[in-house]
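Let's take a guided walk around the two ligands in this model. Keep the 3D view open and follow along.

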Amino acid sequence: MKRTDVTARLLPKLVKASASAEQFAPSNIALCKYWGKRDAELNLPINASLSVSLDYLGTHTRLIPIEGQVDEVWLNGQQLQPGARFSRKVSAFIDLFRRDQTLCFKVETRNNIPTAAGLASSASGFAALTLALNDALALDLPPEALSILARMGSGSACRSLFEGFVEWRMGQREDGLDSHGIPLDASWPGFCIGLVEVDAAEKAVDSRSGMQRTVETAHLYQSWPLQAAADMSKLQQAIQERDFSLLGQTAEQNALSMHATMIASWPPLLYWQPDSVAAMQKVWQLRAQGLELYFTMDAGPNLKLLFQRQDRDVVLQHFPNLETVEPFGSE
Ligand code: ADP
Ligand code: DP6
Ligand code: CO
């Protein structure tokens with residue numbers, strides 16, 4: 001099914017660029033990863049996933065209606081060429097909303113996390129753009145519709161419409177109208193996420209192609225949907241019971257299982273750098289000494305540490321310069 005068939009069901013035929021708009025959306029870190037698509041046009045996943053949103057870390061996007069035939073795209077204060085891949089992706093996404101009308105925007109977007117480095121800039125980027133379009137075009141769409149639209153920009157973006165823990169139900173429908181984020185009614189004060197920045201440079205293989213390569217070439221990928229389903233149940237239980245060890249173990253094993261499928265692809269896909277491995281070993285060492293510290297990793301060399309506020313000082317001793325987020329506030 002085409003993306004325009006889906007937007008025809010969600011959006012009015014005639015839209016008007018009524019005003020400028022500015023919106024923020026947080027980035028999110030998956031504890032059970034989205035890895036593999038059953039439909040690449042609509043970004044429909046092969047497995048359900050579960051994430052936690054990163055509070056103030058993410059994307060601010062401003063839209064200003066302009067006269068003309070092309071959008072103007074600015075990233076972190078710099079204007080991009082209309083032909084640049086980044087601008088083309090943004091404009092193609094806005095096309096879904098403007099449908100047959102010629103409405104152009106100046107798009108000013110700022111990421112306060114590194115762009116395309118495995119810190120989910122595509123998630124906060126497309127979620128913020130969706131929210132800003134909803135305002136600029138006075139659409140007044142409900143959160144589920146916004147999540148479905150953001151998903152068509154980048155799958156992980158459907159979870160960035162919400163704060164806290166978010167589940168992405170994979171859905172069954174061909175049009176994907178049942179495949180969107182749902183916030184979990186759960187809070188966890190003192191839950192900490194620390195970002196270990198190994199390399200903030202843009203990755204050589206983006207998540208989209210990495211995922212596709214894995215599904216097409218890794219025999220090991222066959223075991224992934226089962227792993228993900230089992231991990232989803234464990235994570236839901238861990239969140240309900242505030243069982244930090246179960247949450248940490250499940251998230252770390254889920255991330256490493258995903259990376260195992262990447263390594264088993266051809267050509268092989270390894271996002272790790274020597275410093276990524278050194279950081280993993282440090283986590284394992286500290287855990288052997290009794291510290292409740294776990295990590296997760298996405299398609300990039302950077303680690304995200306999971307720990308509780310009571311251990312924050314010890315963790316900071318071993319990982320100085322750690323940027324820490326407490327998505328549910330402190331105890
Ligand atoms: P990441 O790990 O950062 O999500 P991806 O490879 O998934 O990396 O996605 C990177 C792509 O996301 C960029 O090349 C760009 O197309 C898109 N993106 C990143 N930031 C923004 C933004 N602020 N607004 C719109 N799109 C963005
Ligand atoms: C490893 O959402 O960036 O971060 O849907 O092709 O835009 P596209 O991919 P993207 O993939 C994210 C993959 C991941 C895991 C996750 O966030 O769940
Ligand atoms: Co991404």
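## Ligand 2 and its contacts

Start with Lys37: a polar atom in its side chain is 2.6 Å from an oxygen atom of ligand 2. That is a polar contact, which here is a pair of N or O atoms within 3.5 Å; within protein, one must be able to donate a hydrogen and the other to accept it, and residues adjacent in sequence count only if both atoms are side-chain atoms. Gly155 uses its backbone instead, placing an N or O atom 2.7 Å from an oxygen atom of ligand 2. On its own, ligand 2 has 460 Å² of accessible area, and the protein covers 95% of that (areas come from the Shrake-Rupley method with a 1.4 Å probe; for residues, only the protein chains shown count as cover).

A quick word on ground rules: this is a predicted model, where local features need pLDDT of at least 70 and side-chain atom pairs count only at pLDDT 80 or more, while totals for chains, interfaces and linings use all residues. Residues are numbered from 1 along each chain as its sequence is written, chains are lettered from A and ligands numbered from 1 in the order in which they are written, and side-chain values use heavy atoms, with hydrogens and water left out.

## Who surrounds ligand 2?

How many residues surround ligand 2? There are 17, and Tyr34, Lys37, Ser154, Gly155 and Ser156 are the closest (a residue is near a molecule or strand if one of its heavy atoms lies within 4 Å of it). Sorted by class, this shell has six nonpolar, six polar and five charged residues. Here Ala, Val, Leu, Ile, Met, Phe, Trp, Tyr, Cys and Pro count as nonpolar, Asp, Glu, Lys and Arg as charged, and the others, Gly among them, as polar.

Helix 5 (residues 207-217) gives the largest share of the shell, three residues. Helices (H or I, at least four residues) and strands (E, at least two) are DSSP runs, numbered from the N terminus. Domain 1 (3-183) and domain 2 (191-325) each supply at least three residues to the shell around ligand 2, with domain bounds taken from an automatic or database domain assignment.

## Over to ligand 1

Ligand 1 has 19 residues around it, and Thr109, Asn111, Gly118, Ser121 and Lys203 come nearest. Its shell divides into seven nonpolar, nine polar and three charged residues. Helix 3 gives the most, with four residues. Why does ligand 1 lie between domain 1 and domain 2? Because both domains give residues to its shell.

Now the polar contacts. A polar side-chain atom of Lys89 is 3.4 Å from an oxygen atom of ligand 1, and Ser207 has a polar side-chain atom 3.1 Å from an oxygen atom of ligand 1. The protein covers 92% of the 570 Å² of accessible area that ligand 1 has on its own.

Ala120 is worth a click: a polar backbone atom of Ala120 is 3.4 Å from an oxygen atom of ligand 1. Ala120 sits in the loop between strand 7 and helix 3, and its phi is positive, about 60°, although it is not a glycine.

Arg242, in the loop between helix 6 (224-241) and helix 7, also has a positive phi, near 45°. Finally, look for the cis peptide bond between Trp266 and Pro267, where omega is about -5°. Pro267 lies in the loop between helix 7 (244-263) and helix 8 (274-288).
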